[in-house]
Amino acid sequence: MYVCGITPYDATHLGHAATYLAFDLVHRVWRDLGHDVHYVQNVTDIDDPLLERAARDHDDWVVLGMRETALFREDMEALRVLPPRQYVGAVEAMGEIAELVGKLLAAGAAYRVPDPEYPDVYFDSDASGHFGYESNYDEATMIELSRERGGDPDRPGKRHPADALLWRMARPGEPHWESDLGAGRPGWHVECTAIALNRLGNQIDLNGGGSDLVFPHHEFGAAHAEAFTGVHPFARHYVHAGMIGLDGEKMSKSRGNLVFVSKLRAEDVDPNAVRLALLAGHYRTDRAWTADLLATAEARLDRWRAAVALPAAPPAHDLVTRLRTHLADDLDSPAALAAVDAWAGEALERRGRDESAPALARDAVDALLGVAL
Ligand SMILES: Nc1ncnc2c1ncn2[C@@H]1O[C@H](COS(=O)(=O)NC(=O)[C@@H](N)CS)[C@@H](O)[C@H]1O
Ligand SMILES: [Zn+2]
């Protein structure tokens, strides 16, 4: 499983958290089924948005990235997200990224624009032979989203407007790395392709992220991999989580309407309540963060904790079965939470005589939902 990591600034807002919680459910379900999950995640610790934020705040971009990456990992641990087996920064993977770009260029899957000053390397969207299958967007949409999300469709000399940058030749004042391609730095998508291919192989089970990664990021991630390996599809499943909003707007760095996990933690909000609040909505649904959502989750957490503290309760075996069934049904966490509500309600109202039930319920909620009672 390759799940795209953060671009390390403005970490960790509740949108990030919701997306990593979605893939934490996948991770837990697969481990519950006995799979030895090889989970890899990157950190986009070199890219235009990070450099822009560092410049805005007169911050060193390396220090900003390290600080925010540390905060992100702390927040993930607080939310009881199981860590990936490998957590790889683009900067530390620079050699293998440049190597992949060189191979794509040598294979004719990439080209340099005829710009004598900056002959940047672009990927030819026709190179994989399957371009567009991941998003299924039409060309106009692709060009629009490319423009909105870091692409440069109007750049003269590109074979196709949406062709993605693979290697940006060094500009004055910009960080750059020596390579056979000349000094420069990588495009966004190829960073993830190199890190995933080199650790997970030519075909993976799941490539995941939020829905704003459908295009261009995961489309090109797939196309770069497939053009290089000839193996299609790169990922058997491309899974995208819905957007968390605030006051009707998507929670995003550009809008600055962010609620941070670390701020809630500093206000002594139990991270398990934050986790429950985000799991109360289906992972693919665009949904809002509200104070009410958190209050409801806190009450739910208290009730669940009271139930598992009982000396005995109704048997919890079919609760475990229900949790597994609901999560197997496209990660239906709302139904899973309702199943625990039902068991806890019965335990608190009518008690029960099974002395092993409270511990079984507690362990199942911990293992499958990641919530500590
Ligand atoms: N409001 C939001 N709701 C849900 N998920 C979000 C939201 N904003 C960002 N995300 C997701 O959080 C993850 C990290 O986003 S990010 O920090 O912008 N970083 C990146 O998208 C790239 N570093 C991926 S290689 C991505 O999967 C993104 O889709
Ligand atoms: Zn990525």
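The model is a prediction, so local features were kept only at pLDDT of at least 70 and side-chain atom pairs only at pLDDT 80 or more, while totals for chains, interfaces and linings use all residues. Residues are numbered from 1 along each chain as its sequence is written, chains are lettered from A and ligands numbered from 1 in the order in which they are written, and side-chain values use heavy atoms, with hydrogens and water left out.

Ligand 1 is surrounded by 24 residues, where a residue counts if one of its heavy atoms lies within 4 Å of the molecule. Gly5, Thr19, Thr44, Asp212 and Met251 are the closest of these. Sorted by class, the shell holds 9 nonpolar, 12 polar and 3 charged residues; here Ala, Val, Leu, Ile, Met, Phe, Trp, Tyr, Cys and Pro are nonpolar, Asp, Glu, Lys and Arg are charged, and the others, Gly among them, are polar. One ligand nitrogen atom sits 2.7 Å from a polar backbone atom of Met251. A nitrogen atom of ligand 1 is also 2.8 Å from a side-chain N or O atom of Thr19, and a polar backbone atom of Gly15 is 3.1 Å from a ligand nitrogen. On its own, ligand 1 exposes 600 Å², and the protein buries 95% of that (Shrake-Rupley areas with a 1.4 Å probe; for residues, only the protein chains shown count as cover). Helix H1 (14-32), helix H6 (188-200) and strand E8 (204-210) each give two or more residues to the shell, with H1 giving the largest share, 4 residues. Helices (H or I, at least four residues) and strands (E, at least two) are DSSP runs, numbered from the N terminus.

What holds the zinc ion (ligand 2) on the protein side? Its protein donors are Cys4 (SG), Cys192 (SG) and His217 (NE2), at 2.0 to 2.2 Å; donors are N, O and S atoms within 2.8 Å of the metal (3.2 Å for Na, K and Ca), and water is not among the atoms, so sites may look incomplete. Angles of 100 to 123 degrees between the 4 donor atoms make the arrangement tetrahedral, a label for four donors with all angles between 85 and 135 degrees. Along the chain the donors follow the spacing C-x187-C-x24-H. Cys4, in the loop between strand E1 (2-3) and H1, and Cys192, in helix H6, are 188 residues apart, so the pair links distant parts of the chain. Cys4 is buried at 5% relative accessible area, and Cys192 is buried at 6% (buried means under 20%, exposed over 50%, partly exposed in between, with a 1.4 Å probe and protein chains only).

Most residues other than glycine have a negative phi, and most peptide bonds are trans. Yet a cis peptide bond joins Ala11 and Thr12, with omega about -20 degrees, and Thr12 is in the loop between E1 and H1. The His232 to Pro233 bond is also cis, with omega near -5 degrees. His58 has a positive phi near 50 degrees and is exposed at 76%.

Note on methods: A polar contact is a pair of N or O atoms within 3.5 Å; within protein, one must be able to donate a hydrogen and the other to accept it, and residues adjacent in sequence count only if both atoms are side-chain atoms. Four donors count as tetrahedral if all angles lie between 85 and 135 degrees; four count as square planar and six as octahedral if opposite donors are over 155 degrees apart and all others between 65 and 115; anything else is irregular.
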